[in-house]
Amino acid sequence: MLACTLCTAVSASADNDRPRHYLKAISTSLSDSTTLPTADSILPIQKLRRPLDRRHLRQREGWERIIPTHVKWQYAGGMGYMSFGCGWDYGKKCRWETDLFIGFLPKSKSDKFYLTSTLKQNYIPWNIAITDRFSIDPFYCTMYINTIFGRQFWVRQSDRFPKKYYTFSTKLHTYVFIGQRFTVNTNIRNDSRMKGVTFFYELSTVTCI
């Protein structure tokens, strides 16, 4: 409309004999060249599908890399009556985890109080987001090494026993296991540092060294 108004003013001042024909030509030209979108020409906006595995690795720099990404508590599992530890996740989609645990065996469960230590390596290939708040790891596997502190335990058999009386170490044990995990995300609508709580169970077997 602004272009038509300007053209109308110029044509009227330049030649009074042909303002109508000139305006008609301009009007026809504008109407032919201007195309308004119709309802049929507007494509529907497709909703993007969110991936099932929504894990992502938080990039850290410098000394921040040594800060643990999670803490854990475990009951039993060949690591003591209870164990507490921390760990780090890394790799593509956070598929790898390394954990360090300190556990204990109370006197009520043994002849005396014992401490244990465990180094654990986890591999979590898949994660399925059920909703924004809930997700599940349908399968994961791991291997870990556990030791118990005490003079009566040994890596190599003591001389007080007959040769090859024991064919395994009583101080070091290795375990392999499979399990599943279920996670509840807790920081969807807030900026809490705690991302979520994960519940897991494991089926393991001990291998002798």
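In this predicted model, the charged end of lysine 72 lies over the ring of phenylalanine 200. The distance to the centre of that ring is 5.9 Å. A second contact of this kind involves arginine 181 and tyrosine 140. Here the charged end of arginine 181 sits over the tyrosine 140 ring, 5.3 Å from the ring centre.

Aromatic rings also meet one another. Ten aromatic pairs were counted. One of them joins tyrosine 144 to tyrosine 175. The two ring centres are 4.9 Å apart and the planes meet at 15°. Planes under 30 degrees apart count as stacked, so this pair is stacked. Elsewhere, ring pairs join Tyr75, Tyr81, Phe104 and Phe113 into a cluster.

Strand E7 (residues 172-185) also carries phenylalanine 182. The relative accessibility of phenylalanine 182 is 32%, so this residue counts as partly exposed. The partly exposed class spans the range between the buried limit of 20% and the exposed limit of 50%. Phenylalanine 182 contributes to a nonpolar surface patch of about 720 Å². The patch also includes Phe134 and Phe199.

Technical notes. Residues numbered from 1 in each chain as written. Predicted model: local features only at pLDDT ≥ 70, side-chain atom pairs only at ≥ 80, totals over all residues. Heavy atoms only, no water. Patch = residues over 30% accessible without salt bridge, like charges linked within 9 Å, V, L, I, M, F, W, Y side chains within 5 Å. Areas by Shrake-Rupley, 256 points an atom, 1.4 Å probe, with all protein chains shown as cover. Salt bridge = Lys/Arg side-chain N within 4 Å of Asp/Glu carboxyl O. Helix = DSSP H or I, 4+ residues; strand = E, 2+ residues; numbered from the N terminus. Buried < 20%, exposed > 50% of the residue type's maximum accessible area, 1.4 Å probe, protein only. Phe/Tyr/Trp six-rings, centres within 6.5 Å; stacked < 30°, edge-to-face > 60°. Lys NZ or Arg CZ within 6 Å of the ring centre and 35° of its normal.
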